[in-house]
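Here is a short briefing on one protein model. Look at the structure first, then read the points below.

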Amino acid sequence: MPAVDKLLLEEALQDSPQTRSLLSVFEEDAGTLTDYTNQLLQAMQRVYGAQNEMCLATQQLSKQLLAYEKQNFALGKGDEEVISTLHYFSKVVDELNVLHTELAKQLADTMVLPIVQFREKDLTEVSTLKDLFGLASSEHDLSMAKYSRLPKKKENEKVKSEVVREVAAARRKQHLSSLQYYCALNALQHRKRVAMMEPMLGFAHGQINFFKKGAEMFSKSMDSFLSSVADMAQSIQAELEAEAEKMRVSQQELLSVDESVYTPDADVAAPQINRTLIQKAGYLNLRNKTGLVTTTWERLYFFTQGGNLMCQPRGAVAGGLIQDLDNCSVMAVDCEDRRYCFQITTPNGKSGIILQAESRKENEEWICAVNNISRQIYLTDNPEAVAIKLNETALQAVTPITSFRKKQESPCPSQTLENSEMQNDDTVPKATAGVPEAEELIAPGTPIQFDIVLPATEFLDQNRGSRRTNPFGETEDDTFPEAEDSLLQQMFLVRFLGSMAVKTDRTTEVIYEAMRQVLAARAIHNIFRMTESHLMVTSQALRLIDPQTQVSRANFELNSVTQFAAHQENKRLVGFVVRLPESTGGESLSTYVFESNSEGEKICYAINLGKEIIEVQKDPEALAKLMLSIPLTNDGKYVLLTDQPDDSDGITSENRGAESEA
């Protein structure tokens, strides 16, 4: 069937089935064109909307490029080269925004508007005429049906004439609507060709105009600028690749370490411990009490800052103060069946915090670091050197007994000085000629007691009916009224280091060996806390007094002290051997080691003077002679001689006399 270009207007009045069939083809074509036009309009509106969005986007982009300079970057401001480049790009984007705005306007006028007009004018007109043609056809059919029902026998001329006029009017109306409808459908076939091409012509002209103006705007100067920016980006990319290669190599090196790095307690047998640390940082478990008997452990990051222990939870910007470490004490503790726990105690003796390290190495290094900081080493000019010196001092405590034998080869200078002043060769006990072995002095494996509780003294207290026993080994001051009547009464500030049972008291070597083992045990087990007391030396006893409560912690009869001596090099160390009865009827020997603020030889001299007073009290003449040779205080107490430098042998004893602090 040949294609039909148009509907014949001559056949509109006849309205034959062939004409109606041809009309349906034109109507189907018009419906398809309407659907396609709607889809095409949506696509063009999307292009127009995208162009409008491009205008808004370029405007926002220009503002963001300028805002780079105002950003407060955490790692510092952006470099000036990048800032100036972004400023230039912002100006370029602003100019492009003007072009995009103009293009959007052109697209609206030359692309979207024509297709909208085609749809609203032509397609809507065809649809309206179709409805009118349908109504006219329906009216004509009704009038013809009415006309066909006129009776044959009894014709009413008046009714017949009215029906005829009605049929004629309906047929004329149908004819007019069909002619208009056919003309519109015939015109639509030509109009649709123009309607499809006109919007695209507007779109093409708009884009060409946009690109032309853009080409004029981006001249050769812009090309050179873009070339320089590209070169800068390439140089930055080269730096990035070089840095990435370095990081890759470094990553391989870091991952090639031994597996022990990831194991918490790899070298538990003999870890390499740095005992000279004055700063330390790392993760620890903090013990928190959540109730009367319940506790929780929280893993936090701890670090030292000056004399403070700081804690910083994960994600926090800065750390907070946990503990002031100045003059604090630290020691390893057993807590809730957990390993590697240590406790930091405040200077006033109150329990502080309990922390847990992940390995033995971390545990001991934290204890050493806190101990070094508590001594305020960080305030010195060279804290690292001071820490090393303190560590060397601690290591000397673990030296073999032969070092003490060499020290015994030369007499103690302070003892020689005192002997020359007192004119008595027996004032200070001297070492025997033969130096015994360590096993002969102290039994191997002898336990060391680091607190001041004295079981032997408590046994004596319980067997003295007139004396009240304190379960903590402390007695009231009025328990020893004999101290008020003592000729000798000197007070020294001491710190208890430890005590242990010994096998003999025939030589001062047992005191030196006890000092060595006590200091070694403290260094090995990281025990730095010491009990501070006042040591009162009288002519009858040695008393340890609590400096805060003035309650006696322990009492040693002077007759039971069989040996006493000060360390030859560390003059602040002093010790004595006490012989005490046991419940089995025998006797026990124990050595007590102290650290004093002053020279230990002053304490030894006071003890020796007290023992002399005990001896001469049996002979009134010897007592009177001793009282005349020793200077006294106003209340009749003996005065101790102060310490002397090595080159002061010619100074008289009267100028060296001074009373020790109480």
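In β12, which residue is the bridge partner of L542? The partner is F556. This is a predicted model, where local features need pLDDT of at least 70, side-chain atom pairs count only at pLDDT 80 or more, and totals for chains, interfaces and linings use all residues. Residues are numbered from 1 along each chain as its sequence is written, and side-chain values use heavy atoms, with hydrogens and water left out.

**Terms for strands and helices**

- Helices (H or I, at least four residues) and strands (E, at least two) are DSSP runs, numbered from the N terminus.
- Two strands pair if DSSP finds at least two bridges between them.
- Strands of a sheet pair through backbone hydrogen bonds, either parallel or antiparallel.

- Strand β11 covers residues 541–545. Five of its five residues are buried (under 20% relative accessible area, with exposed over 50% and partly exposed in between; 1.4 Å probe, protein chains only). The strand is therefore largely enclosed by the rest of the structure.
- Both faces of β11 are covered. A541, R543 and I545 are buried on one side, and L542 and L544 on the other.
- Strand β10 (residues 531–538) runs antiparallel to β11, and four bridges join them. V537 has L542 in β11 as its bridge partner.
- A hairpin of two residues links β10 to β11.
- β11 also pairs with strand β12 (residues 552–557), in the antiparallel sense, over five bridges.
- The hairpin of β11 and β12 has six residues between the strands. There, Q550 takes a positive phi near 60°.

**The seven-stranded sheet**

- An open sheet has seven strands in the order β4-β3-β2-β1-β7-β6-β5, with antiparallel pairing.
- β4 (320–324) and β5 (329–335) stand at the edges. Each has a single partner strand, so one side of each is left without a neighbour in the sheet.
- Helix α5 (residues 360–374) packs on the sheet. Helix α5 touches β1, β2 (295–305), β3 (308–312), β5 and β6 (contact means heavy atoms within 4.5 Å).
- Strands β6 (residues 338–345) and β7 (residues 353–356) run antiparallel, joined by four bridges. Q343 has I354 in β7 as its bridge partner.

**An exposed residue**

- V261 lies in the loop between α4 (220–255) and β1 (281–289).
- Is V261 buried or exposed? V261 is exposed, with a relative accessible area of 55%.

Note on methods:
Axes fitted to C-alpha atoms, helices over the stretch in contact; angles between N-to-C directions.
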